[in-house]
Amino acid sequence: MSAIGSKARRDRIVQLATTTGLTSVEELSQLFGVTASTIRRDLAKLTTDGRLARTYGGAMALSAHPEASLRQRTGEAYDAKRAIARWAAAQVQPGETLLLDAGSTVGALAHELRTAKDVTIATTGLTALQELADVETVHVECLGGTLRPLSQGFVGPLTEAALERLTFDRVFLGTDGVSPEHGICEADLRQTRLKELMARRADHVYVLAHAAKLGRRPFHAWAVLPEGWTLVTDDTADPGILAELRARGVTTVLAEPVGTL
């Protein structure tokens, strides 16, 4: 494997631990072409950040895939999320009605949409509400319901009932993992059901997910999305997974780093 930056390498280590259970410091050292000491520093950083758990002998393992809180996830893959959000915001046209999911990457999109003109935005996420609450050029609708504290998003029958009253030009979804075979992954069946309903109410469906989430299967609740949805990720995404997604009818977009836009 060609040399990559430390941040991208750590994201890849988390992905490997989640999808394949790769645990050996020696194997990781050979895979990334760096010293064992470098890998141990990566593991120490990932453990401190709560993304991995260490085991005897320098090996690593995810501890039962606990769901991270929105606060924990906000700083993860920050540059990639900014790039994804910038690309997504550029797709929005004046006069459109949008639906925003909960989650940190969709929250980054809400921040980019603070400069939008003449758009209506409905959301299930507190982060998007907070970003847009004082923006006079954006009309905001809150799809209330039962609040999930970890994700800072609304779910449940009240949210679903509100969705039945609206249609949208575009929906932007977050996710905990993306699988070519299964779709998008979440910790809670209420979340996956809601995402499927959200996708059905929009003309264009986008999933915003940085590269470390591709191929990741941290939980057992899945949302199957309609053919033709668009995955927006960053330029470190695994080409093999992207090819599998495209073969299943998914459009894939690699958002350019913000500094190059």
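A salt bridge is a side-chain nitrogen of Lys or Arg within 4 Å of a carboxyl oxygen of Asp or Glu. The model shown in these views is predicted: local features need pLDDT of at least 70, side-chain atom pairs count only at pLDDT 80 or more, and totals for chains, interfaces and linings use all residues. Residues are numbered from 1 along each chain as its sequence is written, and side-chain values use heavy atoms, with hydrogens and water left out.

**View 1. Glu 160 and Arg 193 form a salt bridge.**
The N to O distance is 3.0 Å. Glu 160 sits in helix 8 (residues 157-163) and Arg 193 in helix 9, 33 residues apart, so the pair links distant parts of the chain. Helices (H or I, at least four residues) and strands (E, at least two) are DSSP runs, numbered from the N terminus. Glu 160 counts as buried, at 14% relative accessibility. Arg 193 is partly exposed, at 45%. Here buried means under 20% relative accessible area, exposed means over 50%, and partly exposed lies in between (1.4 Å probe, protein chains only).

Asp 11 is buried, with a relative accessible area of 12%. Lys 7 is partly exposed, at 38%.

**View 2. Asp 188 and Arg 190 form a salt bridge.**
Here the N to O distance is 2.8 Å. Asp 188 is buried, at 14% relative accessible area. Arg 190 is partly exposed, at 37%. The structure holds 12 salt bridges. Salt bridges also link Arg 9, Arg 10 and Asp 42 in a network.

**View 3. Thr 192 is buried in helix 9.**
Helix 9 covers residues 189-200. The relative accessible area of Thr 192 is 3%. What does Thr 192 contact, leaving aside its neighbours within four places in sequence? Its partners are Ile 184, Glu 186, Ala 221, Trp 222 and Ala 223. Contact means heavy atoms within 4.5 Å.

**View 4. The largest nonpolar core has 29 residues.**
A nonpolar core is a set of buried Ala, Val, Leu, Ile, Met, Phe, Trp, Tyr and Cys residues joined through side-chain atoms within 4.5 Å. Val 207, Trp 229 and Leu 231 have the most contacts inside this core. Strand 8 (168-173), helix 9, strand 11 (202-208) and helix 10 (239-247) each give two or more residues to the core. Helix 9 gives the largest share, 4 residues. Not counting residues up to four places away in sequence, Val 207 touches several residues, including Leu 173, Ile 184, Leu 225 and Trp 229. Another core, of 27 residues, lies apart from the largest one. Among its members are Ala 85, Leu 132, Leu 208 and Val 258.

Two strands pair if DSSP finds at least two bridges between them. Strand 3 (residues 97-100) and strand 8 pair in the parallel sense over 3 bridges. Leu 98 stands opposite Arg 170 in strand 8.
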